[in-house]
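Please look over the sequence and the structure shown here before reading on. The briefing that follows takes up a few strands and a helix, grouped by topic.

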Amino acid sequence: MNTVDDKTVVKDYFNATGFDRWRRIYGEGEVNKVQLDIRNGHQQTVDTVLSWLKADGNLAELSICDAGCGVGSLSIPLAKAGAKVFASDISEKMVGEAKEQAQTSLENSDNLSFAVQDLEDLSGSYHTVICLDVLIHYPQDKAAQMISHLASLAESRLIVSFAPKNVVYSLLKKIGELFPGPSKTTRAYLHRRVDIIKILESNGFSIQRTGMTSTQFYFSYLLEATRNSD
């Protein structure tokens, strides 16, 4: 399967069976043990990013691009905190759900806008670009291109998360592939931390903060990188 097919698979998945599955995972309703574990893990990653940005004390002054926003788990609290947020996702259904969530959660959503877009098609300029739990859908060569593109949109900071590649997680991934079923999603790609850092540094960024979320079924490494001054 080539990378173009990968993207098509992801888009079709999140506009069909994947949408219902992940809407439940990211929601508050009853889910199975695996889905609850993933929900809690993803929320920990979101909470870490929110804590970083709030600690800086200037969130209300920032323009932020949430690339691969899903159902708005990060976009909505960022907008609630006063940031100007542009959120996008490859899935039309995901964006539709995020809009509904925003209407319910926000008294005023003027500082939050949504679009159905591939990451590669994003344009504009933002103080901070954030891309959480999306790199798992990109093989290494495509990930490098995508991170470089996101870096070109970031005036000051780029925050990304990815499933780390090491012996333990690679083994767990192989074991999981032996048991296809209702919890099976799309093809999952793991990435070495050193490779992602190298891509960021080659685009003129330096690592500032890092974080790791590890539960039974959810593994995500978080990197905050800021643009080097000239």
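In which sense do strand β1 and β2 pair, and over how many bridges? In this predicted model, β1 (residues 63–67) and β2 pair in the parallel sense, and they do so over five bridges.

**Strands and crossovers**

- Within the pairing of these strands, Cys65 has Phe86 in β2 as its bridge partner, and the chain passes from β1 through helix α4 (residues 75–80) to β2 in a β-α-β crossover that is right-handed.
- β2 also pairs in the parallel sense with strand β3 (residues 112–116), over five bridges, and here Asp89 stands opposite Val116 in β3.
- A right-handed β-α-β unit is made by β2, α5 and β3.

**Strand β2 and Ser88**

- Five of the six residues of β2 are buried, so the strand is largely enclosed by the rest of the structure.
- Ser88, which lies in β2 (residues 84–89), is buried with a relative accessible area of 0%, and the residues that Ser88 touches include Asp66, Cys69, Ala115 and Leu122.

**Helix α5**

- Helix α5 (residues 92–105) has 14 residues and reaches 20 Å from its first C-alpha to its last, close to the 20 Å expected at 1.5 Å a residue.
- Met94, Val95, Glu97, Ala98 and Ala102 are buried in α5, and because these buried residues fall within an arc of 160 degrees when seen down the helix axis, they line one face of the helix.
- The face of α5 turned away from the buried side carries the exposed residues Glu92, Glu100, Gln103 and Thr104.
- At the N-terminal end, α5 is capped by Ser91, of which a side-chain oxygen lies 3.3 Å from the backbone nitrogen of Lys93.

Conventions. Residues are numbered from 1 along each chain as its sequence is written. This is a predicted model: local features need pLDDT of at least 70, side-chain atom pairs count only at pLDDT 80 or more; totals for chains, interfaces and linings use all residues. Side-chain values use heavy atoms; hydrogens and water are left out. Helices (H or I, at least four residues) and strands (E, at least two) are DSSP runs, numbered from the N terminus. The expected span of a helix is 1.5 Å times one less than its number of residues. Buried means under 20% relative accessible area, exposed over 50%, partly exposed in between (1.4 Å probe, protein chains only). The arc is that of the directions from the helix axis to the C-beta atoms. A polar contact is a pair of N or O atoms within 3.5 Å; within protein, one must be able to donate a hydrogen and the other to accept it, and residues adjacent in sequence count only if both atoms are side-chain atoms. Contact means heavy atoms within 4.5 Å. Two strands pair if DSSP finds at least two bridges between them. A crossover is right-handed if, with the strands pointing away from the viewer, the path from the first strand over the helix to the second runs clockwise. Lists of a residue's contacts leave out its neighbours within four places in sequence.
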